[in-house]
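Please look at the sequence and the structure below side by side, and keep both in view while reading. The paragraphs that follow go through the sheet, then the core, then a pocket.

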Amino acid sequence: MDFSDPKVKQAADVLQSFMDVTRTASEFTRRNAESLGLTLQGMAVVNTLHRDPGLTLKELTERLHASKSTLSVSVEGLVQAGVAERTQAEGNRREINVRLTPKGEELARRSIRQAFSYRAMAAALEGMDEGQIGAMLDGHRRILDALEAYEIDMERV
């Protein structure tokens, strides 16, 4: 990789920009979770179960793109804190459904009301017009499509 190549420098600048925005937005989300006494993963579980009550542990892992072991630990912490409860799925003893308790529902409502990262992003976008925002989103979609289509030729690495 030739880092003196302007195209490589541009790629590095774009990657760094994405990482900076992601890190800053994630910090707002982390603060929201912390204010509720939750981890990021715990808040993701609470918000997901608020939208879709009674998901199985397997469905949660798919929705949150997390490993079953990681999610099991998060769910166990939420159960111990009285935020969630587990029950066996009807007709399948191997499946476990997870639901929020009333305490969990209240945490979800508070999380949604606070929505630190959404508020911060909305404030940041106020300085842009609809055309700029649309162009940015279109650019992001095009980059994502190209990244997903890109295949690394391991023999050339």
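Predicted model: local features only at pLDDT ≥ 70, side-chain atom pairs only at ≥ 80, totals over all residues.

Residues are numbered from 1 along each chain as its sequence is written, and side-chain values use heavy atoms, with hydrogens and water left out.

The strand β3 also pairs with β2, again antiparallel, through six bridges, and Ala89 has Asn92 of β3 as its bridge partner. In this hairpin of β2 and β3 two residues lie between the strands, and Gly91 takes a positive phi near 80°. Taken together, three strands form an open, antiparallel sheet in the order β1-β3-β2. Because β1 (55-56) and β2 (84-89) stand at the edges with a single partner strand each, one side of each is left without a neighbour in the sheet.

The next topic is the core. A nonpolar core is a set of buried Ala, Val, Leu, Ile, Met, Phe, Trp, Tyr and Cys residues joined through side-chain atoms within 4.5 Å, where buried means under 20% relative accessible area (1.4 Å probe, protein chains only). The largest such core has 21 residues, and among those with the most contacts inside it are Leu38, Val45 and Leu78. At least two residues each come from α2 (40-51), α3 (57-64), α4 (68-80), β3 (92-100) and α5 (102-114), and α2 supplies the largest share, four residues. Leaving aside neighbours within four places in sequence, Leu38 is in contact (heavy atoms within 4.5 Å) with Ala33, Met43, Val46, Leu78 and Leu107.

Which residues lie nearest the centre of the second largest pocket? They are Thr29, Met43, Asn47, Ser117 and Tyr118, out of 15 lining residues. The elements giving two or more residues to this lining are α1 (6-35), α2, α5 and α6 (116-125), and α2 gives the most, with six. A pocket is an open set of points on a 1 Å grid over the protein atoms alone, with protein on both sides within 12 Å along at least five of seven lines, and lining residues have an atom within 4 Å of a point.

How values were computed: Buried < 20%, exposed > 50% of the residue type's maximum accessible area, 1.4 Å probe, protein only. Pairing = 2+ DSSP bridges. 1 Å grid on protein atoms, 1.4 Å probe; cavity = no way out; pocket = protein on both sides within 12 Å on 5 of 7 lines; lining within 4 Å.
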